[in-house]
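Please look over the structure below before reading the report on its packing and pairing.

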There are 2 protein chains.
Amino acid sequence: MKLSKLIGDRFKERPADCVIDSHALMIRGGYIKYVANGIYSSYLPLRRTMHKIEQIIREEMDAIDGQEVQFPIALPASLWEESGRYESVGKELLRFTDRSGSPMVLGMTHEEAAVQLVREYGQTYSRYPFMIYQIQTKFRDEARPRAGLIRVREFTMKDAYSFHTSQEDLEEYYIRAHAAYERIFARVGVPEVISVASDSGMMGGNVSHEFMLLSPAGEDSIALCDACGYRANMEAAECITEPLPASASCLTEVHTPDCHTIEEVCDFLHTSPERSCKAVVYQKNTDDSYVVLFLRGDREVNETKLTNFLGCEIHPAVITEDSGLTAGFIGPVGLTKRLAAGSTVLFDRSLAHASDLVCGANKPDYHYTGLSVERDLAAEYEAYGYGPSAFRGTDSAADYGISFHDFAKITEGGICPHCGKKTIRISRGIEVGNIFQLGTKYTEAMHMEYTDSDGSVHTPVMGCYGIGIGRLAASVCEAHHDEYGPIWPLSIAPWQVHLCAVRVDDASVRACADSLYEQLNDAHVEVLYDDRSVRAGIMFSDADLLGIPYRIIVSPRNLSEQCVELVSRDKTLQEKVPSEAVVDRIRQLIYEKQ
Amino acid sequence: MKLSKLIGDRFKERPADCVIDSHALMIRGGYIKYVANGIYSSYLPLRRTMHKIEQIIREEMDAIDGQEVQFPIALPASLWEESGRYESVGKELLRFTDRSGSPMVLGMTHEEAAVQLVREYGQTYSRYPFMIYQIQTKFRDEARPRAGLIRVREFTMKDAYSFHTSQEDLEEYYIRAHAAYERIFARVGVPEVISVASDSGMMGGNVSHEFMLLSPAGEDSIALCDACGYRANMEAAECITEPLPASASCLTEVHTPDCHTIEEVCDFLHTSPERSCKAVVYQKNTDDSYVVLFLRGDREVNETKLTNFLGCEIHPAVITEDSGLTAGFIGPVGLTKRLAAGSTVLFDRSLAHASDLVCGANKPDYHYTGLSVERDLAAEYEAYGYGPSAFRGTDSAADYGISFHDFAKITEGGICPHCGKKTIRISRGIEVGNIFQLGTKYTEAMHMEYTDSDGSVHTPVMGCYGIGIGRLAASVCEAHHDEYGPIWPLSIAPWQVHLCAVRVDDASVRACADSLYEQLNDAHVEVLYDDRSVRAGIMFSDADLLGIPYRIIVSPRNLSEQCVELVSRDKTLQEKVPSEAVVDRIRQLIYEKQ
């Protein structure tokens, strides 16, 4: 391929709307072009990189006994009604009606289609386990696409679905899939990707992992413990709160004029936020009923945990007069008799056994001090619906059963839920893949069954495994670039060698470069040949933007020394090689890396 | 790959809803599964075949300087508004609104997206010509999906778009693209595919060709001349009508009671349909205005030609009282003064110079005889809007200019528009590809311009080139199958060798087959290994359904002769080969075919 024929423009200026480097470099290097919000066309260099990533994924999926299939993009809504997701998934699921009036969806994930495809095939135990996967375009109507290919609305994805006769068999396979994912990320050039425990969200199931590339450009927050190796998405990480010393102070109403925030109240009363009981109020999306969550003042709400507990989406509350709530002064004491019917009151685990707390008094400009959760709230909330003894646990928070739950965000410097040390650190990460133990959520809802060797009928257990191909390409770029362009790993670089003929109007340069181009092609080395009559500066900045691992420079000066220059994009290699030896040298370098 | 692990069921019974063989065989062989009307999932064997077809297409597109890109499936409606197709294309274009309320479409073809991608790149003449292509899923909301993968709503397509600085350059490239298509069809195993002149339909442009696999299963009708090689889709084929001897009979009103059809009138008046002037009435979809088309009684309307002439879609008319039309008795004489305002009257070329015709008298139960088109209609229609001399041409039909147009269907045994012999025959065909000279329809509408070497600004000229991958796979199956299954050409077969271990419980069979499986894999021969403990009949009928070109049969009987059996799916090869020689023999056979 000659660079002079390569379609797409390369330029120096960073586009104003690009927040992260990979986005800017992919626009500047002629990899992608904006079409609509979160929707891009792509040019040849990115196509080639994506084909290579796809081929690596295919090989690794086949190596764990996967079979490639293809599901439709447009699916009948009836399939999603079978699983219940037609109702439960939000606006990111694109729903439409076809010309005959039938409701349809654009598949943003394909659990339903996978079950539909193998429901009959999988009727006998002897056919298990098996795994199917596809590489296909998906559409997800994201509310906030961002960061170029990191979060888009239309994307190419590898999604895989495995089927098993037992949870144990799924778990064994899950380990194989996890290992395959590690090989994939290593092969595409990001061995530093780590897996973290994650929240299963709308997929259902219990155990799941995300594969994260740690990067400031990421939109996920990850809790890491350097002491024991614990890693989890902040959405899923358990928050452990160290109890404060108990105190027997009395519940006392105090006047707190002009105090509107936790900080102001604590300042006014000369106490600290961890000695306060804070209220955060939401409404359920389903019926707008109120959800009042109390946490210790130094904790933040983890809305994913709250949503999972409630089983429905929520939004920040609009507090009306008939809510029974006094904005700014909401507290748990006496709240249950004021609250609108249908409301829910929840307590975060950080409040278990807590005492000597400041809390709102449910009337303007008044707070309580000296609140002891067990002493002052047990009777009211056990009567309200928490049941007998709900508030009278032992000193272990777990003993409170359903009464106190984990609704809080883990924090930097917090306690590791695995080793108990105060070693948690929070990093940003880009999610480049995920794996889920789905269980029987889909097979049960869609009536997939198999007959076992003893004639008994069971529901198969499923796992699912996703990788976004475009996001992975962008993540590799994010991990491996400099200010001048991407530094593609050899395994997924659009080409292997970038051949630059500097001063191509010089007959000996032209002859040497043309000959090398032919030799490299004959040797099946993928070469991009820049034979344009342009300044060396333009040539090299274009080469930097294309990020090809090896560069051969033919110039009058080199040729005067009977050499060409061989440099690597990552600058670790820079040598002069006789022009007749450079093809062998390149082949050797490529061979070493494979 | 072991057959025992191959996902998908194979069975004997032809599904009741399968009209054509390839559909039935692809269902029966575990290639595809029905998901919704015109929407299928596919299993591994079809995936492998489609990957091979895609790779062949990629190689041939690259060989004519194409560059692979990718366009989005979901496109903003604004792009289609730029070209004008958002309005002009019918319900097959799926329109929807995204979560932010923006109107969008699912791309069923990508001319707009192609122009959007290269509009800036193509601003300078020196970058021309260039061609981009993609292989991508498309959705077209067909009114009547049918015949399995032949006409579906969701399909994988290779679509290519070329850009040129002149019509001449486009024409040169068009010839290269035509040749590339011929190579593609030959390489996938259907060299018998022919190109025919076609109608450009909604694509715009003038010259276009369809690549047709002649097959009774096809839904297109093709006019072929064996004398000169003329080939055209019936939609586009010019209809030549031999004039009848002139006659000077007078225009006479006659009473024709109970005559409702052309045949009844002609019977009653002892004349033949070719001596009649028939009216066919439509309404425009845009405003429901009437279109009255007169043809010679022995001609049928070619609605594609009529639609192209009118520039809008039409539907059969509902004749109301205020239309001015007398159903069953519509004739051209005096019609213009009765007809509702806004109506259109058209004459087919078959009526040019015609005389002594029967036609309706525009009142119930009356016809005219002795109509001479030129003598009796010139004054009325030249006044009506056809302009002076419109009806007074010379004896060449072409001289009539716009007055008489070709609106009729070419017929079996009709006159070849190329060589003039009465040699036309009509065949059915499956359209497996098409190429269009688009001209400047899209570039002009979307303001794509380039600066020429002299500084002048011009609009580039476009071509476009499509192949449906799934339809091509089904067409190859349609062309190459027997009652037991597909007979895949080696180049696109899901695997190259099908290894059957008959009586695998026999230790020597197991040992030999296992060893051959290993040897074939080591030799990079694609092998599907049937090591199931099933009857030979089941094994062979499954092998027939999978249609793999070469089959190696290991059985106790063969082994007793120190041989294995090597047969080809098309039955042209059947030999006994020493088991230690069969891998070399297979490699030789594969090598010969490549």
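This is a predicted model: local features need pLDDT of at least 70, side-chain atom pairs count only at pLDDT 80 or more; totals for chains, interfaces and linings use all residues.

Residues are numbered from 1 along each chain as its sequence is written, and chains are lettered from A and ligands numbered from 1 in the order in which they are written.

Between the chains, 40 residues of chain A are in contact with 40 residues of chain B, where contact requires C-beta atoms, placed from the backbone, within 7 Å.

| Class | Residues of chain A touching chain B |
|---|---|
| nonpolar | 23 |
| polar | seven |
| charged | 10 |

In chain A, five strands form an open sheet of mixed pairing, in the order S28-S27-S29-S30-S31; strands (E, at least two residues) and helices (H or I, at least four) are DSSP runs, numbered from the N terminus, and two strands pair if DSSP finds at least two bridges between them. Strands S28 (527-530) and S31 (574-578) of chain A stand at the edges, each with a single partner strand, so one side of each lacks a neighbour in the sheet. S30 (residues 563-568) and S31 of chain A run antiparallel and are joined by five bridges, and A:Leu566 stands opposite A:Glu575 in S31(A).

In chain B, helix H1 (residues 21-28) packs against helix H11 (residues 469-479) at about 105°, with axes 8 Å apart; axes are lines fitted to C-alpha atoms, for helices over the stretch in contact, and angles run from 0 to 180 degrees between N-to-C directions. H1(B) and H11(B) are therefore roughly perpendicular to each other, a term for angles of 65 to 115 degrees.

Technical notes: Angles under 35 degrees count as roughly parallel, over 145 as roughly antiparallel, 65 to 115 as roughly perpendicular and the rest as oblique. Two residues are in contact if their C-beta atoms, placed from the backbone, lie within 7 Å. Ala, Val, Leu, Ile, Met, Phe, Trp, Tyr, Cys and Pro count as nonpolar, Asp, Glu, Lys and Arg as charged, and the others, Gly among them, as polar.
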